[in-house]
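Let's take a walk through this fold, from the sheet to the helices packed around it and on to the ligand. Have the model open as you read.

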Amino acid sequence: MKKELTRQQYLDLYYYMRLNRAVEDTMVKLFRQNKIVGGLYSSLGQEAISVGTAYALEKKDWLAPMIRNIGALLVKGVPPRDVFMQHMAKYDSPTKGKDGTSHFGDLEKLHIVSPISMLGDLIPVMTGVAMAGRYLGQNIVTMTWIGDGGSSTGVFHEGLNFAATQKAPFVLILENNLWAYSTPVKRQVPLENLADRAKAYGISSYIVDGNDVVAVYSTAREAVERARAGEGPILIEAKSFRRLGHAQHDPAEYVPKEMRAYWEGRDPIALYEKFLMGERLLDTKGKKDVDEKIETLLAAEREFAENSPMPPPEFAETGVYCTGDECHKIRPKWERPISEVTPPKSSVKPVWTVEGFGSGKSAASTAIHFGDTKAALETETSDTDATTKTNGSKRAAKSPAKNSAKAGAASRATRKVKR
Ligand SMILES: Cc1ncc(C[n+]2csc(CCOP(=O)(O)OP(=O)(O)O)c2C)c(N)n1
Ligand SMILES: [Mg+2]
């Protein structure tokens with residue numbers, strides 16, 4: 001671990017990792033007491049990923065957690081009582097008892113989009129949030145997480161391609177914990193590094209040790225800054241290990257004992273404590289203070305959660321059907337005049353300029369136009385034709401392989417027309 005943060009930042013990372021683990025330990029106890037109504041997932045051994053990445057975001061930024069990202073929620077400002085009550089389906093929980101796991105968000109204050117269970121679906125959603133922020137001039141970055149298994153879904157690829165094409169200010173954290181349910185990553189992806197998936201979409205990626213919180217934070221910070229500066233989406237593969245089963249029901253006997261032992265020896269909190277002590281950023285007293293702070297906080301939060309009532313039975317039908325009141329109040333928030341963003345008054349010509357199309361033969365084929373834009377198209381046409389040729393030859397010099405592939409495609413297309 002390299003030393004490069006402020007003292008407060010080092011201690012914040014420590015506090016949030018400890019809090020993350022303690023909140024989950026408390027929930028295991030609640031689960032054993034039959035007070036948790038749904039499934040209970042664990043991020044044991046992966047706390048450095050949730051905490052280090054979320055800590056790299058600013059207050060105005062948006063995130064969407066998955067099942068192993070309670071740490072990210074805590075960093076964003078969600079009180080532990082909300083996490084407890086949500087899992088206990090209590091009436092005071094963010095979803096008022098309508099969900100028994102972690103499907104809740106906070107669109108108003110904390111900028112959290114609720115998890116979506118269908119793995120990968122948050123990628124296009126958070127791309128959309130990033131694009132909306134750009135449209136509104138907010139200069140925000142959005143972030144979500146996906147597992148090694150989730151990175152094989154269709155929507156992962158569609159979503160990342162969409163984000164790349166739109167140059168969305170979006171950072172995707174791929175938590176490679178080596179298992180997806182009982183499937184080892186080697187049996188489901190023929191890649192050593194899942195970060196290589198970024199190459200297919202022409203975007204940047206990083207690989208980071210997911211058990212080193214300082215490395216995770218520094219990498220995420222750099223990625224967030226680059227995305228905010230307009231470089232487009234960035235993928236970070238954080239390598240770690242799922243120390244428990246998929247959820248509480250799964251004893252994970254399929255995991256080799258030696259493998260578990262290896263990763264237990266790389267516990268992110270133990271590693272970080274050693275680093276902090278070595279750098280004299282933490283001592284036994286400081287550690288004891290954190291123990292007490294967390295213990296006091298969680299005792300109060302747990303008590304509040306346990307005392308919260310279950311929802312009344314009649315509440316079951318509230319919010320299920322549209323009554324024409326609440327749901328119809330939702331309106332789009334146009335913060336720029338509509339005329340500014342729609343043709344014909346828009347300062348942007350309603351004509352796509354396509355550079356480096358390749359054939360350079362037909363100018364019309366280099367522009368895709370829409371609406372009644374004949375005049376604009378005519379002006380655009382000659383410019384575009386020139387650009388196409390220049391760029392085409394520049395590219396030919398730089399990248400012969402790419403160009404010959406294009407030429408091949410072009411001649412195949414020509415052959416097709418002739419027939
Ligand atoms: C599209 C989709 N397919 C299958 C599932 C069922 N499912 C939930 S979690 C999970 C395993 C996910 O593994 P991984 O992405 O590696 O995440 P991890 O559990 O290791 O954090 C599966 C298959 C789902 N929720 N969504
Ligand atoms: Mg996994």
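Which elements make a right-handed β-α-β unit here? Keep in mind that this is a predicted model. The unit is built from E6, helix H7 (residues 213-231) and E7. Its two strands, E6 (residues 204-209) and E7 (residues 234-239), pair in the parallel sense over 6 bridges. If you want a spot to check on screen, look for Val208, which stands opposite Ala238 in E7.

**The sheet**

That strand pair belongs to an open sheet of 5 strands, ordered E1-E2-E3-E7-E6, with parallel pairing. Strand E1 (62-64) and E6 sit at the edges with a single partner strand each, so one side of each has no neighbour in the sheet. From one strand to the next, the twist averages 20°.

As a bit of background, strands of a sheet pair through backbone hydrogen bonds, either parallel or antiparallel.

Helix H5 (residues 122-135) lies across E1, E2 and strand E3 (170-176), and it runs at about 170° to E2.

**Helix against helix**

Two packed helices are described by the angle between their axes and the distance between the axes. Here are two such pairs:

| Helix pair | Axes come within | Crossing angle |
|---|---|---|
| H4 (residues 80-88) and H10 (residues 284-307) | 9 Å | roughly 40° |
| H2 (residues 47-54) and H7 (residues 213-231) | 8 Å | roughly 35° |

H4 passes H10 in a right-handed crossing. On the H4 side, the contact uses Pro80, Arg81, Phe84, Met85 and Met88, while H10 brings Leu297, Leu298, Glu301, Arg302, Phe304 and Ala305. By type, that contact splits into 8 nonpolar, no polar and 3 charged residues.

H2 also passes H7 in a right-handed crossing, and H7 is the helix of the β-α-β unit we started with. Ala48, Ile49, Val51, Gly52 and Thr53 in H2 meet Val213, Val216, Tyr217 and Ala220 in H7. This contact has 7 nonpolar and 2 polar residues, and no charged ones.

**Around the ligand**

Which residues come nearest to ligand 1? Of the 16 around it, they are Leu119, Gly147, Gly149, Gly150 and Ala180. The shell as a whole divides into 5 nonpolar, 7 polar and 4 charged residues.

Technical notes: Residues numbered from 1 in each chain as written. Chains lettered and ligands numbered in written order. Predicted model: local features only at pLDDT ≥ 70, side-chain atom pairs only at ≥ 80, totals over all residues. Pairing = 2+ DSSP bridges. Helix = DSSP H or I, 4+ residues; strand = E, 2+ residues; numbered from the N terminus. Right-handed = clockwise from strand over helix to strand, strands pointing away. Near = placed C-beta within 6 Å. Nonpolar A, V, L, I, M, F, W, Y, C, P; charged D, E, K, R; others polar. Axes fitted to C-alpha atoms, helices over the stretch in contact; angles between N-to-C directions. Left-handed = near helix turned anticlockwise from the far one by under 90°. Contact = placed C-beta atoms within 7 Å.
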